[in-house]
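This report covers a ligand site first, then ion pairs and backbone geometry. The sequence and the model come next.

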Amino acid sequence: MRIDQHTVLYAVIGHPLGHTLSPVMHNRAFEATGVNALYMAFETKRLEEAVNGLRGLGIRGCSVTLPFKSAVMPLLDDVDPLARAIGAVNTIVNRGGRLAGYNTDAAGALAAVREVMEPSGSRVVILGAGGAARAAGFALKEAGAALTIANRTPEKGKELARALNAFFAPIDDLRGIPADLLVQATSVGMHPHRDRCPLDEALIQAPVVMELIYNPRETRLLEIARRKGAAVIPGLRMFIHQGAAQFRLWTGKEPPLEAMEAAVLAALEHP
Ligand code: NAP
């Protein structure tokens, strides 16, 4: 890869960033499509200065991750209506010094679901009410699914259910709630707590089970769902598709999905 005076810089900001897979994914995408660009991770707690830095240095685009996805919104010039409804921005596009915020987690979740099923008219149970659940929830709602939100903290779950015009159910009381698709959007089961599962095995009954966690690639919940014969959607599918949507916004080109996936898989295998 040649870095010269024409190289355009992209970035991710947040903290911690020690395990982020975005740099390997995007740098491979630039390489595969011949875009003269570089993507760097900037671990920072200084959000406002980082955002000003995007303007000052002409950094063309930026991923935004925890804990800044909501806090970044008032610092931008424009926020896309879907990102505003979700209440989170994970992507900034710098158009000549004007910063616009988008949420590609929503598009990523929907594209991952559509690889396996069409959500329109389906019954979906979402576990969790954090940022990832909100993004997946808004996308699936827009696509015409009927949603039930189940969350450990009822207040947060009910609030999201209200925003989505969805039902609410306590996470330990899902018996009898029918689901064509179960979406696991809590952080339970994330590395290093790989043996944990947010649901009782008996309650994992949907014919399609989507996991949002991508490290580990195969969570306990996915293992159980596979064993029970469900079609599974691993968290990596959403991760790749949200990155692909970022690539489209930044470059206007079609993302090289296979190259991006190969880069992420290699990085997960050799951290
Ligand atoms: P978040 O905003 O912190 O929300 C965490 C959610 O997990 C909340 O609903 C929380 O419930 C629940 N939770 C945490 N600990 C729990 C426990 N011990 N028992 C039951 N519920 C528990 O996090 P987030 O940003 O939504 O991320 C959630 C997961 O999605 C993470 O693993 C993240 O890596 C993943 N993610 C994946 C992608 C992708 O592209 N695949 C994109 C974004 C996020 P309370 O409300 O009760 O606290």
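## Ligand contacts

In this predicted model, a polar side-chain atom of R152 lies 2.9 Å from an oxygen atom of the ligand, a polar contact (a pair of N or O atoms within 3.5 Å; within protein, one must be able to donate a hydrogen and the other to accept it, and residues adjacent in sequence count only if both atoms are side-chain atoms). The protein buries 79% of the 940 Å² that the ligand exposes when taken alone (Shrake-Rupley accessible area, 1.4 Å probe).

Residues are numbered from 1 along each chain as its sequence is written, and side-chain values use heavy atoms, with hydrogens and water left out. Local features need pLDDT of at least 70 and side-chain atom pairs count only at pLDDT 80 or more, while totals for chains, interfaces and linings use all residues.

## The shell around the ligand

There are 23 residues around the ligand, each with a heavy atom within 4 Å of it. A129, A132, N151, T153 and L212 come nearest. By class, the shell has ten nonpolar, nine polar and four charged residues (Ala, Val, Leu, Ile, Met, Phe, Trp, Tyr, Cys and Pro are nonpolar; Asp, Glu, Lys and Arg are charged; the others, Gly among them, are polar).

Helix 5 (131–142) and helix 8 (235–251) each supply at least two shell residues; helix 8 gives the most, with four. Helices (H or I, at least four residues) and strands (E, at least two) are DSSP runs, numbered from the N terminus.

## Salt bridges

The structure holds 15 salt bridges (a side-chain nitrogen of Lys or Arg within 4 Å of a carboxyl oxygen of Asp or Glu). In one of them, E115 pairs with R237, with the closest N and O atoms 2.9 Å apart. This pair links distant parts of the chain, 122 residues apart: E115 is in the loop between helix 4 (104–114) and strand 7 (123–127), and R237 is in helix 8.

## Backbone geometry

The peptide bond from H15 to P16 is cis, with omega near 0°; P16 lies in the loop between strand 1 (8–14) and helix 1 (22–33). N215 and P216 are also joined by a cis peptide bond, with omega about 10°, and P216 lies in the loop between strand 11 (208–211) and helix 7 (220–227).

N165 is not a glycine, yet has a positive phi of about 55°. N165 lies in the loop between helix 6 (154–164) and strand 9 (167–170).
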